[in-house]
Amino acid sequence: MEKMRKWGWLLGSLAAMLLLILFLAGHGTYDETTSRVRRSLRSVIPRRQQGVNLLTRDPKRVVLDNGIVKVIFSNPGGYVIGIQYRGLDILETGNEENNRGYWDVVWKKNITDKLEATKFRVITARPDQAEISFLRTYDVSLGNGTNTVPLTVDKRYILQRGGSGFYAYGIFERLDGWPAVQDMDQIRMVYKLEQAIFHYMALSDTRQRSMPTAADRGRGQKLAYKEACLLTDPSNPDFRGEVDDKYQYSIEDKDNKVHGWISTDESVGFWMITPSDEFRTGGPFKQDLTSHVGPTTLSMFVSTHYAGKELQIKFEEGEAWKKVFGPVFVYLNSAPSSKNSTRILWNDAKKQMLKEVKNWPYNFTQSEDFPSSHQRGSVLGQLLIHDRYINESLFPASSAYVGLAAPGEVGSWQRENKGYQFWNQADEEGRFIIKNVRPGNYSFYAWVPGIVGDYKYEADITITPGCNIKLDNLTYEPPRNGPTLWEIGIPDRTAAEFSVPDPYPTLLNNLYTYNHSENFRQYGLWARYGERYPHNDLVYTIAINNYHDDWFYAQVTRNTGNETYVGTTWQILFELHNVTNPGNYTLQLALASANNAELQVRINNKSDERPHFSSKLIGGDNAIARHGIHGLYWLFSVEIPSSLLKEGINTVYLTQARGGETFQGVMYDYIRLEAPSSHTDSQVVI
């Protein structure tokens, strides 16, 4: 007992001394000394394991507080108007209350509905956990003459005892008879952090750095579109001459599990952790926004980024629908002040992310619309490939991406946007298991790195609670009509293997200066095409040129002067020693991206008025402008009659025929010419 009294006296004296230092350091004003003391307090005072308090005394406020994190909501609107972490204000209090932490929907040609709720409910309030609801019920009598999207939205928040963060999810619902929706582009959750303290952003091990401010962008020079800004007068001179663009910080959804901001002064981190992709749209390879200058952190649930209108959610008149987005975990952490604090905070955030992934699906949510693990099912099996021109025997679909998504056509999963998707990656033998699948009807889809095309299992799969479905060995026969004569690229659904030019020295983002694997995220690379090919378009000769160096990453338009942009024609030259006649050759054309483009194919005659093949107008993913090395995947199998070919040198003309804008064009994934199945090896020089 005497020892406890001594320790109590010592801790009390230490706290009093620290409070005195705070007072003397500026009478409560924030300065560098205050910051150092706050860091010391956070590092020496242990976390209190108090229960969760739910405070509703103020009729305009709802507060969740567990002694570590305090979250303050507007009542009944459900905006997150404040987050306090160990006494530190996290959100930008200078913003309006509806512009700090919120959900929104973008629809009706860029109308934003911030989903302001009209009813607050307590779902559960226990010392170990509180869950609260902010409900916005749609009034069907409003009809189409309103900017309120026809959805009932239940915004849910959960705080647990001892948790260094809170969970958030939303239940979106339409009932029978509600008005049609033709263009719902975006559903997201947004947090805008305190500008004075959060200056360091982290997206991955290799993509993190100190960042410019929103004021720096405001003083900068707008470039080809509003999101891209040249920093001309930043508060930190180290940023002068750099480009900042939120699309430079996009990540594929399969890898977008943790990102956020660090206050280096306070040694505090704010993180968005997404433990599952099941509620996102467009599949695991869709790219989307993460965190960006503001400082802003996003959780993107639905968007048309890197996909275009094909991922707009559309509802027919009277169509019913319900979907749960989330839960996601908003995590806060701290570390002792040191030169390694950013690394410590980032590593801890990754550790927390892995914990959340392991615990998915959560068993503590109180909505019957979110099934726990025992209410879900699993699917397992093995995927094999049959392509006799690669191997006479079946061989495993090594590292195949396999998934369950809404029933549809082959490859439809990348354009699916209303249901849930569940994906995993097979092992080297093509064996896979997809766990924790919600009950429902699905199609089984797959694609294999290094193999062209998409696979779809012939029968739909019905998941019931607790089921464990074992599929027979599945065999994928990829598109193939004959042996390969030549090929350009790697069938991996990106253009990353092609020639990505060096960025302009005056338009750099230094985040990627030494990260060459993502050099494609630099601004303005499309304009390098006209410099590399000032007079004539690209000509690629099989067996002479190398696609790593000689195949430009994007077939873009050409600026002929006065901002006039025209389509371009690329040529592939190859030699045939003899031609199988009669017979059909096949040109497999796989695209990694298309934006308001029309790809035309001509054989040995550029002047043909009618192309041998036209894709018609395709695509709207805007991946060229948004620094993505891919958007949506396209595959065209073009038959070429042997009568169009000749012995000796042949030419395939690839014309992107649409012009008028800077960012129209395509990115190729892979091109392959196949001979008829009766070919002889002497027909081609590769």
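Here is a short chat about the predicted model shown above.

Trainee: What should I keep in mind before I start?
Mentor: The model is predicted, so local features need pLDDT of at least 70 and side-chain atom pairs count only at pLDDT 80 or more, while totals for chains, interfaces and linings use all residues. Residues are numbered from 1 along each chain as its sequence is written, and side-chain values use heavy atoms, with hydrogens and water left out.

Trainee: How many helices and strands are there in the protein?
Mentor: Six helices and 50 strands, taken as DSSP runs (H or I of at least four residues for helices, E of at least two for strands) and numbered from the N terminus.

Trainee: And how much of the protein is buried?
Mentor: Of its 686 residues, 56% are buried, meaning under 20% relative accessible area with a 1.4 Å probe, protein chains only.

Trainee: Which residues have the most contacts inside the largest nonpolar core?
Mentor: Ile-83, Ile-90, Tyr-191 and Phe-444, in a core of 109 residues. Strand S26 (residues 321-334) gives the largest share of this core, eight residues. Such a core is a set of buried Ala, Val, Leu, Ile, Met, Phe, Trp, Tyr and Cys residues joined through side-chain atoms within 4.5 Å.

Trainee: What is Phe-444 in contact with?
Mentor: Beyond its neighbours within four places in sequence, the partners of Phe-444 include Val-402, Leu-404, Phe-432, Tyr-455 and Leu-471; contact is heavy atoms within 4.5 Å.

Key. Buried < 20%, exposed > 50% of the residue type's maximum accessible area, 1.4 Å probe, protein only.
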